[in-house]
There are 2 protein chains.
Amino acid sequence: MGTSLNRVEEEDYSSYTNSSDFISISLEDNNNTTKTATSTSKSSSELHPVCLPPHVTTWQKLNHRLREIFFPDDPLHIFKDQSWRRKLVLAFQYVFPILRWAPHYSLSLFRSDLIAGLTIASLAIPQGISYAKLANLQPIIGLYSSFVPPIVYSVLGSSRHIGIGPVSVASLVMGTMLDGEVSHSNKKDLYLELAFTSTLFAGLFQASLGIFRLGFIIDFLSKATLIGFMAGAAVIVSLQQLKGLLGITHFTSDMELIPVLESVFNSIKEWKWETIVMGFCFLIFLLVARFISTRKPRLFWVSAAAPLTSVILSSLLIFLLKSKLKHVSIIGHLPKGVNPTSENKLYFHGPHLQLAIKTGIITGILSLTEGIAVGRTFASLHNYQVDGNKEMIAIGFMNIVGCCFSCYVTTGNYFFKWSFSRSAVNYNAGAKTIFSNIVMAATVLVTLLFLMPLFHYTPDFVLAAIIITAVVGLVDYKAALRLWKLDKLDFVACCCSFFGVLFISVQIGLAIAVGVSVFKIILHVTRPNTVVLGNIPGTQIFRSLNHYENATRVPSFLILSIESPIFFANSLYLQERISRWVRGEENRIRENNESALKCVILDMTAVTAIDTSGIDAISELKKNMDKRSLQLALVNLVGTVMEKLHQSKTLDSFRSKGLYLTVGEAVDDLSSSWKHWP
Amino acid sequence: MGTSLNRVEEEDYSSYTNSSDFISISLEDNNNTTKTATSTSKSSSELHPVCLPPHVTTWQKLNHRLREIFFPDDPLHIFKDQSWRRKLVLAFQYVFPILRWAPHYSLSLFRSDLIAGLTIASLAIPQGISYAKLANLQPIIGLYSSFVPPIVYSVLGSSRHIGIGPVSVASLVMGTMLDGEVSHSNKKDLYLELAFTSTLFAGLFQASLGIFRLGFIIDFLSKATLIGFMAGAAVIVSLQQLKGLLGITHFTSDMELIPVLESVFNSIKEWKWETIVMGFCFLIFLLVARFISTRKPRLFWVSAAAPLTSVILSSLLIFLLKSKLKHVSIIGHLPKGVNPTSENKLYFHGPHLQLAIKTGIITGILSLTEGIAVGRTFASLHNYQVDGNKEMIAIGFMNIVGCCFSCYVTTGNYFFKWSFSRSAVNYNAGAKTIFSNIVMAATVLVTLLFLMPLFHYTPDFVLAAIIITAVVGLVDYKAALRLWKLDKLDFVACCCSFFGVLFISVQIGLAIAVGVSVFKIILHVTRPNTVVLGNIPGTQIFRSLNHYENATRVPSFLILSIESPIFFANSLYLQERISRWVRGEENRIRENNESALKCVILDMTAVTAIDTSGIDAISELKKNMDKRSLQLALVNLVGTVMEKLHQSKTLDSFRSKGLYLTVGEAVDDLSSSWKHWP
């Protein structure tokens with residue numbers, strides 16, 4: 001055990017004199033493979049045995065793999081070693097996180113939550129109305145959606161700082177997808193039914209992702225593609241708001257850049273100067289408020305209060321000047337009262353069911369991405385854990401319940417920290433628990449019961465201005481610049497989704513974005529790096545010659561590090577590439593008159609997996625090297641790779657002088673063996 | 001330079017006394033970063049500097065990346081350092097490989113090629129006729145396709161042992177795809193036009209894959225999926241031959257298992273006992289001949305001659321007993337003469353163009369897979385290089401020329417060595433150059449000119465028997481068993497494509513197969529391994545605790561090796577997984593009363609790439625560890641990863657006591673620093 005390690009006192013390996021006569025590498029096929037290898041080394045340079053990993057049955061492997069896929073966070077670890085009674089309590093708390101904090105709730109917490117709740121309510125009410133219009137729904141649906149879902153979430157959700165309500169992108173997508181098949185103006189009732197049904201399917205989809213622990217699927221919408229997607233959606237949303245801001249009555253229901261712009265400029269005659277002047281005044285007011293808040297986070301309340309202020313001011317204005325401003329389009333009558341039930345409005349039979357399912361899945365996944373990301377951001381800021389799959393179940397149930405109470409798709413707002421989003425406000429407003437959402441819901445309830453007539457004269461242009469201010473934050477050009485600086489391919493993915501959304505459609509844009517992200521992974525695997533290693537003088541360390549300029553080539557050796565698992569997609573490439581390295585090295589040696597190449601060492605540390613094509617590639621390579629009379633040695637085989645090579649008998653041809661634990665040992669042993677048998 | 005390396009004389013790291021007071025890690029942003037780091041170490045344990053890789057411009061990176069993607073084999077290396085004249089000669093030889101061997105052609109080579117050519121001709125003629133029937137084409141098209149394409153290939157192709165002609169799977173796929181839209185019995189002319197047009201598009205697709213150096217696309221049809229696909233296709237083909245073997249007249253044109261079996265048993269009244277008896281006799285004869293040849297490779301001629309023998313014997317039999325065997329279906333009249341031109345039969349306008357293009361692409365890719373694989377197999381057996389992209393151009397041109405001379409899709413036969421394939425026979429028959437194909441073409445020419453009437457009485461059942469014998473070799477159950485033994489996921493991919501072809505359709509089967517293969521890669525990247533490393537006593541080597549049972553944990557350290565690049569698809573998983581490892585380690589320490597965890601070391605050797613999500617994950621992790629008052633150290637960052645972490649300023653927080661070249665150095669340095677500042 002306490003033997004000294006291999007020493008390399010000289011730089012030149014050819015001046016070595018020590019050798020090891022006999023190295024047995026234990027490769028038995030039984031369960032206790034790590035026998036002490038009988039290594040009768042004569043010198044100080046002792047070889048360490050390379051051994052097979054302990055045997056693991058297929059069932060154990062499968063079990064481990066499935067656990068890693070579905071339960072990587074070990075969600076049940078809190079139940080371990082607990083009494084039955086405690087387990088029951090924990091299980092209840094797991095299902096209803098409200099039970100975790102409600103018993104310890106205090107007055108001081110309430111004070112923070114009350115202020116936070118009122119603040120976000122002042123934001124939620126105008127935003128709810130605006131987003132509902134974005135989804136081509138009556139404004140009241142937006143308010144309904146800000147009442148029931150937050151209450152459901154407070155019971156089921158585990159994030160403490162999230163703000164629940166409709167969001168811009170999901171509203172937009174639902175609006176365009178449904179309106180593409182069923183006109184919201186001609187078939188109002190059917191449209192509403194489809195919206196609720198989509199919400200149900202969104203909820204079912206979200207909850208089942210969580211229940212079947214497939215939450216990792218949303219990770220495939222990488223941050224890079226989301227940045228592009230959100231920016232594209234924000235541009236579209238803003239442009240569509242020109243309808244309200246310019247006072248246009250006839251407007252396209254399309255969503256792509258070109259038809260929207262055409263629509264704006266074709267209806268130039270419909271532009272109304274009163275609407276334009278007032279609309280832009282309020283837009284500037286809101287943007288300035290937003291700017292102040294982003295500059296001074298302490299003044300968060302400026303941007304939080306601005307939308308409600310605008311709504312009140314503009315409504316007053318229209319009310320007072322109603323005789324002169326007849327042409328300005330206003331919200332009109334809104335029914336008083338809490339959410340009516342809507343379970344009888346769900347649409348399960350008929351030609352549009354497929355549309356409802358598709359819309360549900362897409363809006364479901366989009367709103368999940370927003371909700372989970374915002375939950376995780378705040379959890380990491382406050383150092384608590386959010387179980388993604390658990391959250392999905394909570395959001396899913398919230399939508400399932402919601403669709404029975406006249407609500408459409410809701411989630412937690414998006415994570416751009418300084419955007420005009422409710423969660424960010426909630427966080428800055430000092431929310432301590434999710435109770436702030438209950439306060440918000442109560443405020444919305446009061447509004448629904450008593451204040452609805454006040455919104456009668458609220459003009460559409462102010463809603464448009466509120467939407468634009470809300471989505472401006474989604475255009476995160478700084479993040480895009482960072483992508484460009486750090487990772488060009490990520491930037492390409494970002495651009496693809498941006499332009500895809502802008503010029504083709506939301507669904508296609510999303511599909512392109514996911515495609516590019518997956519392609520990036522595939523490309524990396526298909527064309528992995530192979531790096532020539534050199535010795536860092538005076539050590540047993542071998543590092544890339546390109547990276548470490550003090551690393552030096554070891555004469556007669558070509559040491560390659562393969563920087564990827566070997567799969568069918570790259571096995572041929574790697575074979576060809578290694579042959580080319582050998583050819584190149586032989587040419588270099590010929591030109592420089594160095595000592596001939598004798599051995600190729602493959603550092604397999606980064607080859608963390610291999611499939612049958614990979615196994616074939618290794619044995620092909622071995623044959624190829626044998627034909628060229630070159631020795632091939634494999635260094636530091638990872639457990640699974642070693643096992644597969646062993647099972648396929650490929651390892652047999654490497655048994656003597658072919659398997660080593662480190663590159664240093666391989667170089668020592670091989671070069672000393674040549675001394676003995678030249 | 002010549003300093004001694006870090007030594008670990010004791011097992012217990014906590015008994016360390018040496019320390020290094022000051023380590024400067026040079027992280028300048030200039031071009032010559034590998035300055036000697038001023039490391040004023042007091043002890044023998046010297047730290048080696050971690051440095052940034054030399055600066056490479058985006059353009060250089062892109063250039064390198066594109067070269068690796070499109071020119072991994074450096075196809076132009078033969079032109080390097082040659083005179084202009086020599087370059088011209090080489091270029092001609094590159095385009096027309098015939099110029100390479102034709103000048104050195106000798107009589108002894110000719111003798112081998114002659115025998116080989118005659119042997120494969122005896123195989124090519126009956127197979128050509130049979131495969132054409134498989135594609136629902138007149139038998140003569142099969143003979144035409146065995147004449148022109150081999151000649152074109154001998155001029156352009158670089159494989160020496162390939163045998164050119166129609167192949168079963170591509171014929172089958174073309175037959176079913178075209179017949180699904182245009183009936184071959186009702187619209188004979190249109191069907192023929194579509195077949196030639198598909199051949200043209202197959203050729204164009206193949207050639208453009210080669211020209212644009214996208215040949216690697218066919219690698220995505222992994223060997224595992226191809227084994228399943230080929231076996232599925234073979235089963236379907238064999239079942240369809242029951243039509244000929246049982247003498248059924250009304251048969252489905254569908255290709256899936258269920259309709260074919262239904263068709264066989266629904267038409268039980270049409271079964272003809274004479275056909276059945278004779279058909280199965282010849283089938284048994286052919287299978288026995290095949291069996292003999294697989295057992296004794298020297299007797300390859302037995303199986304090579306058997307098909308032609310069967311054709312002659314059966315034709316004679318029918319001719320002699322024609323009065324008694326009226327019901328047996330025969331080939332009938334075949335026109336004499338060489339290939340008529342068919343460029344006027346190409347179909348470029350009309351409703352079926354899309355079908356032709358689709359069929360062309362699918363048969364093109366399938367026949368490429370066969371052709372390239374067989375070429376590579378023989379090239380590796382004979383130690384010469386085959387440039388995949390070059391081969392694709394040759395095969396593509398062969399089909400483009402072919403479709404103008406009444407040929408349908410042709411390629412080199414598939415690689416199952418002991419299958420009844422022409423290339424394997426060619427190889428065993430001692431072919432030395434591709435001239436054997438010219439001999440074969442000449443023999444086919446003689447047949448076309450003079451021997452066509454002989455095939456008049458050839459019965460369909462003997463063609464069916466020949467096809468079955470030919471495709472039996474495609475059911476490679478041994479290879480499937482090997483997949484099961486070595487890689488369960490490969491086996492799943494194989495099964496998916498097998499059952500996909502059998503029960504759904506060829507296209508869907510192929511799509512499923514590719515999907516499963518890609519999913520395998522994605523799964524590996526999405527859920528990478530993280531492995532706890534331990535020290536191999538008496539060394540500076542750190543290896544997996546699971547794999548090496550003699551490896552021991554280092555007290556106060558958790559050393560994790562991350563076995564994958566960090567991408568958006570796994571960045572969250574890795575964050576969670578590492579947190580869980582830390583939690584688990586802390587629990588273990590608490591239970592065993594060991595010294596508290598102080599530091600987490602991440603061995604990043606296998607993290608060969610990182611994207612922006614990965615960068616964020618690392619900085620999140622660093623913050624997380626800081627909150628838990630744990631040190632986080634990164635070891636052996638690969639060049640590109642290091643560069644990106646540096647550019648994103650993430651590396652700044654690791655500057656002191658956070659970056660090391662080896663795990664050993666990290667453990668030494670960190671544990672000795674705790675000695676000084678406890």
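Helices here (H or I, at least four residues) are DSSP runs numbered from the N terminus, as strands (E, at least two) are. Axes are lines fitted to C-alpha atoms, for helices over the stretch in contact, and angles run from 0 to 180 degrees between N-to-C directions. The model is predicted, with local features needing pLDDT of at least 70 and side-chain atom pairs counting only at pLDDT 80 or more, while totals for chains, interfaces and linings use all residues. Residues are numbered from 1 along each chain as its sequence is written, and chains are lettered from A and ligands numbered from 1 in the order in which they are written.

Chain A is assigned domain 1 (109–522) and domain 2 (527–676), with bounds that come from an automatic or database domain assignment. Taken over C-alpha atoms, the centres of domain 1 of chain A and domain 2 of chain A are separated by 55 Å.

Helix packing within chain A comes next. Helix H4 (residues 107–134) of chain A meets helix H17 (residues 435–451) of chain A, their axes coming within 7 Å and crossing at roughly 50°. H4(A) is therefore oblique to H17(A); angles under 35 degrees count as roughly parallel, over 145 as roughly antiparallel, 65 to 115 as roughly perpendicular and the rest as oblique. Two residues are in contact if their C-beta atoms, placed from the backbone, lie within 7 Å. By class, the contact of H4(A) with H17(A) has 11 nonpolar, 5 polar and 1 charged residues, where Ala, Val, Leu, Ile, Met, Phe, Trp, Tyr, Cys and Pro count as nonpolar, Asp, Glu, Lys and Arg as charged, and the others, Gly among them, as polar.

With helix H12 (residues 273–295) of chain A, H13(A) packs at an angle of about 165°, the axes lying 7 Å apart, so H12(A) is roughly antiparallel to H13(A). This crossing of H12(A) and H13(A) is right-handed. Its contact residues include Phe282(A), Phe285(A) and Arg290(A) of H12(A), and Phe300(A), Pro307(A) and Ser310(A) of H13(A); the contact comprises 10 nonpolar, 4 polar and 1 charged residues. The axes of H13 (residues 300–320) of chain A and helix H18 (residues 460–472) of chain A come within 10 Å and cross at roughly 165°. H13(A) and H18(A) are therefore roughly antiparallel to each other, again with a right-handed crossing. Here Pro307(A), Ser310(A), Val311(A) and Ser314(A) of H13(A) meet Val462(A), Ala465(A) and Ile466(A) of H18(A), giving 5 nonpolar, 2 polar and no charged residues.

The two chains can now be considered together. Chain B superposes on chain A by a rotation of 180° with 0.0 Å of shift along its axis (RMSD 0.1 Å), which is the relation of a two-fold axis. Copies are superposed by least squares on the C-alpha atoms of residues with pLDDT of at least 70 in both. The C-alpha of Ala606(B) is the nearest to the axis in chain B, at 2.1 Å. The contact takes 83 residues from chain B and 82 residues from chain A. Elements giving two or more residues to the chain B side include helix H1 (58–70), helix H21 (506–526) and helix H22 (568–592) of chain B.

Notes. Left-handed = near helix turned anticlockwise from the far one by under 90°.
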